[in-house]
Amino acid sequence: MVLKEVDWTQYFDALKDDRKPQIDREQENHKLEVICIFVVFTLTTVTSNDQVTGDIGGDALLPCFYNGGGLPGKVTAYWRDKDDNNVLDIIQNVPNNSSQNSKFKGRVTSFPDLYKKGNFSIVLKNLQKQDSGVYQCDIIAVDYTNKVTLTVSDGDSSCCCFYYYCFYCY
């Protein structure tokens with residue numbers, strides 16, 4: 001599809017003095033094409049995927065960053081595990097664990113001071129082997145989803161990984 005350049009000045013001039021603009025059908029059709037393109041782009045869901053490793057008894061940072069702009073002042077985000085259990089709800093920039101699944105009680109922390117910057121990451125503490133799997137962070141207002149695959153090992157690995165950075169452990 002090729003978009004034709006439309007002279008928008010007649011629209012703006014008409015708004016100033018309340019007269020109806022004179023446009024031809026071809027220009028009107030292009031206006032509708034522009035609107036349709038805008039709607040298609042705004043309905044696109046953004047998804048990201050990350051890999052995180054940790055040892056039994058250790059902690060793991062599960063990242064969820066949104067930097068696409070358009071984030072409202074108060075944001076709601078939901079963290080869920082592979083079985084759709086509630087890991088953490090962030091409601092209007094406030095962490096809410098009232099409906100948190102019992103296996104995550106007291107083991108999840110977040111960073112409320114960073115929500116306004118689009119950082120809804122969490123730390124899962126005291127890792128257990130059954131914590132391995134896919135976790136999902138959904139930021140509703142901007143239709144953003146981040147999936148994190150957590151792998152929990154027995155603790156005899158030769159390196160420790162924190163987000164994308166791995167260090168040798170002794």
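**Exercise 1.** In which loop is Thr-76 found? Work out, too, whether Thr-76 is buried or exposed.

*Solution.* Some ground rules first: this is a predicted model, where local features need pLDDT of at least 70, side-chain atom pairs count only at pLDDT 80 or more, and totals for chains, interfaces and linings use all residues. Residues are numbered from 1 along each chain as its sequence is written, and side-chain values use heavy atoms, with hydrogens and water left out.

Step 1: find the loop. Thr-76 sits between β2 and β3 (strands are DSSP runs of E, at least two residues, numbered from the N terminus).

Step 2: check the burial. Thr-76 has a relative accessible area of 17%, and buried means under 20%, exposed over 50%, partly exposed in between, with a 1.4 Å probe and protein chains only. So Thr-76 counts as buried.

Step 3: look around. Leaving out residues up to four places away in sequence, Thr-76 touches residues including Ile-90, Gln-92 and Ile-139 (contact means heavy atoms within 4.5 Å). A polar atom of the Thr-76 side chain lies 3.4 Å from the backbone nitrogen of Gln-92.

**Exercise 2.** Work out the strand order of the open sheet of three strands, and find its edges.

*Solution.* Step 1: read the order. The sheet runs β2-β7-β6, with antiparallel pairing (strands pair if DSSP finds at least two bridges between them).

Step 2: zoom in on one pair. Three bridges join β2 to β7, and Leu-61 has Val-123 in β7 as its bridge partner.

Step 3: find the edges. β2 and β6 (108-110) each have a single partner strand, so one side of each has no neighbour in the sheet.

Technical notes. Helices (H or I, at least four residues) and strands (E, at least two) are DSSP runs, numbered from the N terminus. A polar contact is a pair of N or O atoms within 3.5 Å; within protein, one must be able to donate a hydrogen and the other to accept it, and residues adjacent in sequence count only if both atoms are side-chain atoms.
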